[in-house]
Amino acid sequence: MRCPFCGHEDTQVKDSRPNEDGAAIRRRRFCTGCGQRFTTIERVQLRELVVIKSDGRRVPFERDKLGRSIRIATAKRPVDEERRERIVNGLVRQLEASGETEISSTELGRLVMDTLRGIDAVAYVRFASVYRDFREARDFEAIVGSLSPAADPSPTAGDADAAVAEAGPHRPKRR
Ligand SMILES: [Zn+2]
């Protein structure tokens, strides 16, 4: 570590200790050139995750954007703000734990779908309708047909139909 005062290349670590929560380490350093002391802080560098879009563009992963998708999918569903936050945290942790630095938007979408499927059937159908773009009517049937009744014990058939109608490509303009 170069000395910030005189630019000398040789500095010595006099003391290292973790901060209160253990998330960082502070090192007291001493410059053998000018005798100044300074502190460096070492912490984990969270990976910069890149999302590869279907057209090949690479964009930085945005946690906020993921949060918005989850919010839209779960709007007016029995999923409160705290639960949404936990869903997003869980997804981000999975991404971090994967060790990959890139993920395709397709894979990311599938990961979100897999998560929502176990939480709320309607949220799942809404998200899937956007993610899969629902170009063909049979996609609707495939998605709705794949919903296990165990995913949501409340009667969901009507809700799921409504969500498909809402989320479909022929969304009424007045909304
Ligand atoms: Zn120095």
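Of the 175 residues of this protein, 18% count as buried, where buried denotes 20 or more other C-beta atoms within 10 Å of the residue's own, with C-beta atoms placed from the backbone. The model is a predicted one: local features need pLDDT of at least 70, side-chain atom pairs count only at pLDDT 80 or more, and totals for chains, interfaces and linings use all residues. Residues are numbered from 1 along each chain as its sequence is written.

Let me turn to the overall architecture. The protein contains six helices and six strands; here helices (H or I, at least four residues) and strands (E, at least two) are DSSP runs, numbered from the N terminus. Along the sequence, the pattern reads β-β-β-β-β-α-α-β-α-α-α-α. Among contacts with a separation of 6 or more, 50% join residues 24 or more positions apart, a contact being two residues whose C-beta atoms, placed from the backbone, lie within 7 Å.

Next, the sheet. Three strands form an open sheet in the order E1-E2-E3, with antiparallel pairing; two strands pair if DSSP finds at least two bridges between them. Strand E1 (11–18) and strand E3 (37–43) are the edge strands, each pairing on one side only. From one strand to the next, the twist averages 25°. Seven bridges link E1 to strand E2 (residues 24–31) in the antiparallel sense, and Arg17 stands opposite Arg26 in E2.

I now come to the helix packing. Two packed helices are described by the angle between their axes and the distance between the axes. The axes are lines fitted to C-alpha atoms, for helices over the stretch in contact, and angles run from 0 to 180 degrees between N-to-C directions.

How do helix H2 and helix H3 cross? The axes of H2 (residues 81–98) and H3 (residues 105–117) come within 11 Å and cross at roughly 135°. Ile87, Gly90, Leu91 and Gln94 in H2 meet Leu111, Val112 and Thr115 in H3. This contact comprises four nonpolar, three polar and no charged residues, with Ala, Val, Leu, Ile, Met, Phe, Trp, Tyr, Cys and Pro counted as nonpolar, Asp, Glu, Lys and Arg as charged, and the others, Gly among them, as polar.

Finally, helix H1 (residues 63–74) packs against helix H4 (residues 121–131) at about 125°, with the axes 8 Å apart. That makes H1 oblique to H4. Ser69, Ala73 and Thr74 of H1 and Ala123, Arg126 and Phe127 of H4 make the contact.

Note on methods. Parallel < 35°, antiparallel > 145°, perpendicular 65-115°, else oblique. Buried ≥ 20, exposed ≤ 12 C-beta atoms within 10 Å, placed from the backbone.
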